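I hope they are handy while you look through the structure.

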Amino acid sequence: MNYHFRQSLLAMRGNLTATLATLGTMTLTLLMLGFVVLLTQNVARTLSNLESQVEVAAFLSDNADSAALLTQVRALPQVHDVRLISKAQVLEEMTRDYPYAKDATQLTGNPFPDTLRLKVSRVSDSTVVAGVLSKLSGVQDVEYGSGYVDSTVKTLSAIRGAGYVLVGLLLIGTLLNILNAVRVAIYARRNEISVMRLLGATRGFIRMPHLIEGVLLGLLAGLIAVGLLAPAYFQLADRVRALVPVLPIITDPHAIWPVLGVLVLLGIAVGLIGSFFATGRYLRELE
């Protein structure tokens, strides 16, 4: 193993330009990949947080059978939670926000209706549930903020989907870069490899230094990418939280460091897989 390790270091030093080019490409790709993954995670958390806050409100008429409606709504499969808020409770809530509301009710009475407040399993269920509620006897009106909820959810879902696609493309690009870099390195040593084959060297013996080279490049690129990405992300997260405090930006190190650790492992895996396929293909061409 020491021999193969020394051979891989000698090959990297002998092809320093190609090694640096591969290292730079891998580092930039892993850096972009890590940034996109963290961005996608933040968008997913924002979307999940938004979905958990979306409520559907059904305003009941005065002669409505609240208990029967509550039972009917609970039976809907899309409904995650439902509460019956009496008109007195609604008035109390409004008084907290608008202190003069209670004084006004002394003249006109309590104008607020009993209300069913629902949480749905997915935001996309809001429209379906609102349509069912509007057809129930005793329901005067239904409100679920369709004007902004639907467009916001669609935008964030599109960003999240684009992030996943970009992550996949970056992974494929990284793998192709490794394949190309290893093929260049092997081509530079083609005479040496041909002599080794004539002397009876096995495919595993010839392939091992290139596999170690791929692992070393992947490890180094992953560590450099994490070293650049971690401080930049935490600094950017602090600034975003200061500018937009309502956004649930992920800053917990216990949530961030596993992602960065996977980035390093991914660099090693891509380097190893790329080297494996590149050497296998070239050796088949020699045979």
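1. Arg83 is partly exposed, at 38% relative accessible area (buried is under 20%, exposed over 50%, partly exposed in between, with a 1.4 Å probe and protein chains only). Arg83 forms a salt bridge with Glu55, with 3.5 Å between the closest N and O atoms; the term stands for a side-chain nitrogen of Lys or Arg within 4 Å of a carboxyl oxygen of Asp or Glu. Since Arg83 sits in strand β2 (residues 79-85) and Glu55 in the loop between α2 and β1 (56-60), the pair ties together parts 28 residues apart in sequence. Helices here are DSSP runs of H or I with at least four residues, strands are runs of E with at least two, and both are numbered from the N terminus.

2. A word on the basis: this is a predicted model, where local features need pLDDT of at least 70 and side-chain atom pairs count only at pLDDT 80 or more, while totals for chains, interfaces and linings use all residues. Residues are numbered from 1 along each chain as its sequence is written, and side-chain values use heavy atoms, leaving out hydrogens and water.

3. Glu55, itself partly exposed at 29%, has another partner: Lys119 forms a salt bridge with Glu55, the closest N and O atoms being 4.0 Å apart. Lys119 belongs to strand β3 (residues 115-120), and the two residues are 64 apart in the chain. Lys119 is partly exposed too, at 25%.

4. Which aromatic rings pair up? The search of the whole structure finds one pair: Tyr233 and Phe234, with centres 5.8 Å apart and planes at 70°, so the pair is edge-to-face (centres within 6.5 Å; planes under 30 degrees are stacked, over 60 edge-to-face, the rest tilted). Tyr233 is buried at 9% relative accessibility, whereas Phe234 is partly exposed at 23%.

Key: Rings of Phe, Tyr and Trp (its six-membered ring) pair if their centres lie within 6.5 Å; planes under 30 degrees apart count as stacked, over 60 as edge-to-face and the rest as tilted.
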